[in-house]
Amino acid sequence: MGNEREQVVYIAGASSRAKTAKGYIEYLSPNTKVRAFLVSWEMDDNPTDIEGIPVVSISKEEIEKNGIDQRNPVYIATRGVNQAKLEAELKELGFIDVRPIDVHLDSYMRDEYVKRNFAATGKPFILLENLSDGGARNASIMGKIYVASSVHDSALRDDYTLQINEEALQVGVSMTKERLPGIENLDNSGKGTENISSLNSQFCELTGLYWIWKNTTEDYVGLAHYRRHFLLPDNWIRLCDANNIDVILPVPLFVSPSVEQDYRIRHVSEDWDILMNYFRTSLPDEYDKAKDFFAGNLYSPCNMLIARRDVLNELCQWLFSIVFTVYRRVGDKPDRYQRRYPGFMSERLISYFFDSRRDRYKVVYANKNFLN
């Protein structure tokens, strides 16, 4: 093994997707090393390097200057809509082995990475699709996944029909007079004033999660997005019942250099300090556990989950106490992206909540799609 020759590969892309692809590739194939990130010459806002690895423009001059060998494989780690153009640019410059990371390859690498990582750390990695419903006990058990949409969502190019047990939920309703056609569930409706719809610009799909918590009654209830949906077998409710499942989360995503540092790099670092100070002062018994989790590389993104009713109640009671306190401390932001920090934090918090309570909750995973 020690004499195996190093396999050099390149990654086309320089976003978080590219860093994630590097993590998967080098972990799953230890003799493979990423030696450059290749980017379209039209993009002028890329870094000069990522973790010390050069970012090289896809041009004849830059390829030659940086000693890029076109015989080595190139993985394209960008959004699907950009992959065909990049593939054409690479092949025009003589690259022979170009490998777009499509949804199937991405899912394979992510699942395999998590399976090996969990095995090394003694955690169970259970995919819902691999379970049997032979032990289902209650034929009347109810389940529903609410799919968050808003008037600000861009139109989808991909066709998608809501699946059985999926229902659309319009979020941010209190901020507009516009209503999405055919949607009856509104995040400002329900019991009294039990909604936070007016905070949608900051809390994103969390206004939908809050509404679900306060206004729905299904035994198993979940949250997805108009652009992101769980990939579930048709009998997912029976599977939950038969296997005593507490929560379904998206298969965790690898980020580098860590969950905490990924947040600090992409968002406002001082906000993370305020979050961790909450743990230090209000949840001191959890501070060290949270610190350790956020020093790792895996979390389930997108604020997506499906949980048993009592489990969802426990999560939301804990989660919203934290994000409301942080929001009161930080306040609003002028930047439309960075003002969504409560939603970005909650992705990490939900993941930590279930990882730190594996002795209480049975956690399983499912893959998700991403619609263009």
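Predicted model: local features only at pLDDT ≥ 70, side-chain atom pairs only at ≥ 80, totals over all residues.

Q: How are helices H8 and H9 placed relative to each other, and at what angle do their axes cross?

A: The general idea first: two packed helices are described by the distance between their axes and the angle between them. Here, the axes of H8 (residues 259–266) and H9 (residues 269–282) come within 7 Å and cross at roughly 140°. That angle makes H8 oblique to H9.

Q: Which residues of H8 and H9 meet?

A: From H8 come Glu-260, Tyr-263 and Arg-264, and they meet Ser-269, Asp-271, Trp-272 and Asp-273 of H9. By type, the residues of this contact are four charged, two nonpolar and one polar.

Q: What does Lys-333 touch?

A: Leaving aside neighbours within four places in sequence, Lys-333 is in contact with Val-268, Asp-271, Gln-338, Arg-339 and Tyr-341. With Asp-271 there is a polar contact of 3.1 Å between the side chains.

Q: Where is Gln-338, and what does its side chain reach?

A: Gln-338 is also placed in the loop between H11 and H12. With a relative accessible area of 16%, Gln-338 is buried. Its side chain reaches the backbone oxygen of Arg-266 at 2.9 Å. Beyond four places in sequence, the contacts of Gln-338 are Arg-266, His-267, Val-268 and Lys-333.

Q: How many residues of helix H6 are buried?

A: In H6 (residues 206–215), nine of the ten residues are buried, so this helix is largely enclosed by the rest of the structure. Among the buried ones are Leu-209, Trp-211 and Trp-213.

Q: Which residues touch the most other members of the largest nonpolar core?

A: As background, nonpolar side chains tend to be buried together in soluble globular proteins. In this model the largest core has 83 residues, and Phe-279, Trp-318, Leu-349 and Phe-354 touch the most other members. H11 gives the largest share of this core, twelve residues. Apart from it lies another core of 19 residues, including Ile-141 and Met-304.

Q: What does Phe-354 touch?

A: Not counting residues up to four places away in sequence, Phe-354 touches Val-247, Leu-249, Leu-305, Val-311, Leu-315, Tyr-361 and Val-363.

Methods. Residues numbered from 1 in each chain as written. Heavy atoms only, no water. Axes fitted to C-alpha atoms, helices over the stretch in contact; angles between N-to-C directions. Helix = DSSP H or I, 4+ residues; strand = E, 2+ residues; numbered from the N terminus. Parallel < 35°, antiparallel > 145°, perpendicular 65-115°, else oblique. Contact = heavy atoms within 4.5 Å. Nonpolar A, V, L, I, M, F, W, Y, C, P; charged D, E, K, R; others polar. Polar contact = N/O pair within 3.5 Å; in protein donor to acceptor, adjacent residues only side chain to side chain. Core = buried A, V, L, I, M, F, W, Y, C linked by side-chain atoms within 4.5 Å. Buried < 20%, exposed > 50% of the residue type's maximum accessible area, 1.4 Å probe, protein only.
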